[in-house]
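Trainee: Hi, could you walk me through this model? I'd like to start with what the record says and then look around the ligand.

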Amino acid sequence: MKNLLDFSQAELSEFIEPKFRAKQIFEWIYKKKAKSFDDMTNLPKDLRENLKQNFYIDPLKKIKSEHSKDGSIKYLFELKDGKTIETVLLPMKEEQIDDNGKIIRHARYTICVSSQVGCKIGCAFCLTAKGGFVRNLTAGEILAQVLYLKNDNDIPYERRVNIVYMGMGEPLNNLENVSKAVKIFTDNDGLAISPRRQTISTSGLSSQIKKLGDMDLGVLLAISLHAVNDELREKLMPINRAYNIASIMDAVRNFPIDMRKRVMFEYLMLDGVNDSLNDAKTLVKLLNGIKAKVNLIYFNPHFGSKFKRPSEENMIKFQDYMSAHGVTCTIRQSKGIDISAACGQLRERSKNESA
Ligand code: SAH
Ligand code: SF4
């Protein structure tokens, strides 16, 4: 059996005749919320039977979901092979304003998707890293996360969501399937979510950033920087030995991005480790000449972690320094901290409960 969501419309139309059937199937799945092939009433019965015998359209089973006071909902899904992943729905109230202060859209929902089961990168602060790497998600398993959350929360088809590849896994270690998902998301007969609403977050695999740039998909890029010198970054993120800060900055400078957009630099604040004003000062220098915005993230502590959450005071001081030096800087309001929101935490807790 194959996951039908792994196929682009063009691929489907290669083996389903006549070609317009592929478009109909896409519309059933992505627009009309079909739950089974039997729902696809305008397809001939023999085609439906044939599809039933070869494909499924439900790659995810919900194990549980947790609602946070701030409105975010975190899902734990089981895949067909029994592995589990997390996806988070984040209601976004803030509107988006362009450089001239004009409102360009009212953001509504952001969905944070996983791209792998586990992760190879092994960052010291990350819970996903602890379980090691299991496997890549397929394009269909990535698409299904957004489809499931939209349907489960009755988000109308027309209301486009933003997608961030910031759940479990390193998306650029699964570039083939992630880029395929980006394209299928974009299909107008599918979810029609433009690449400009999709942000790929990476721990900084410079050579893969270049490959992603060469694909010219039109996606936005986020870099998990977290440290401003190589010595500290190597300790926090072992990948820095292969790709140091200079190589990342170089890759970012060459990355094709919409004139009106910026590359996001995520900076995880770890109390007493990387949150001083000296760090802020170096960060300003590093970003010199790059159209960047900085997003400060509160470290979300988890059981056994040696790092501590920074004080609000330090967060604001750091932010003020950046703003005073001309760098747009926001603080990520730690959505869903009461539902164990840092990536990997729901999965980890669930394992412990069943142990
Ligand atoms: N692998 C990619 C995308 C997934 S991680 C990346 O690293 O960018 C998404 C974000 O969550 C990263 O910025 C990561 O550093 C951050 N993160 C990991 N563990 C965290 C924790 N305990 N608290 C807060 N943020 C965390
Ligand atoms: Fe992987 Fe990102 Fe976690 Fe690092 S922070 S281990 S790259 S998921």
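Trainee: Which residues does UniProt place under the feature "binding site" along with G169?

Mentor: Besides G169, the unreviewed UniProt entry gives E170, S201, S224, L225, H226 and N300 that feature. UniProt positions follow the numbering used here, feature names are shortened, and annotations may be inferred rather than shown by experiment. Keep in mind that this is a predicted model: local features need pLDDT of at least 70, side-chain atom pairs count only at pLDDT 80 or more, and totals for chains, interfaces and linings use all residues. Residues are numbered from 1 along each chain as its sequence is written, chains are lettered from A and ligands numbered from 1 in the order in which they are written, and side-chain values use heavy atoms, with hydrogens and water left out.

Trainee: Thanks! How many residues surround ligand 1?

Mentor: There are 22, and the closest are G169, S201, S224, H226 and N300. A residue counts if one of its heavy atoms lies within 4 Å of the ligand.

Trainee: And what are they like, by type?

Mentor: The shell has eleven nonpolar, nine polar and two charged residues. Gly goes with the polar ones in that scheme.

Trainee: Which backbone atoms does a nitrogen of ligand 1 approach?

Mentor: A polar backbone atom of G169 is 2.8 Å from a ligand nitrogen, and a backbone N or O atom of N300 is 2.9 Å from a nitrogen of the ligand. Both are polar contacts, meaning a pair of N or O atoms within 3.5 Å.

Trainee: How much of ligand 1 does the protein bury?

Mentor: Taken alone, ligand 1 exposes 540 Å², and the protein buries 93% of that. Those areas come from the Shrake-Rupley method with a 1.4 Å probe.

Trainee: Back to G169: where is it, and is it buried or exposed?

Mentor: G169 sits in the loop between strand 11 (162-165) and helix 6 (175-186). G169 counts as buried because its relative accessibility is 17%, and buried means under 20% (1.4 Å probe, protein chains only).

Trainee: What about S224, where is that?

Mentor: S224 belongs to strand 13 (residues 220-224). Leaving aside neighbours within four places in sequence, S224 is in contact (heavy atoms within 4.5 Å) with residues including S201, R233 and E266.

Trainee: Changing topic, which cysteines does UniProt list?

Mentor: The unreviewed entry lists C119, C123 and C126 for "binding site". C123 lies in the loop between strand 9 (116-118) and helix 4 (127-130), and C126 is found in the loop between strand 9 and helix 4 too.

Key:
Polar contact = N/O pair within 3.5 Å; in protein donor to acceptor, adjacent residues only side chain to side chain. Helix = DSSP H or I, 4+ residues; strand = E, 2+ residues; numbered from the N terminus. Buried < 20%, exposed > 50% of the residue type's maximum accessible area, 1.4 Å probe, protein only.
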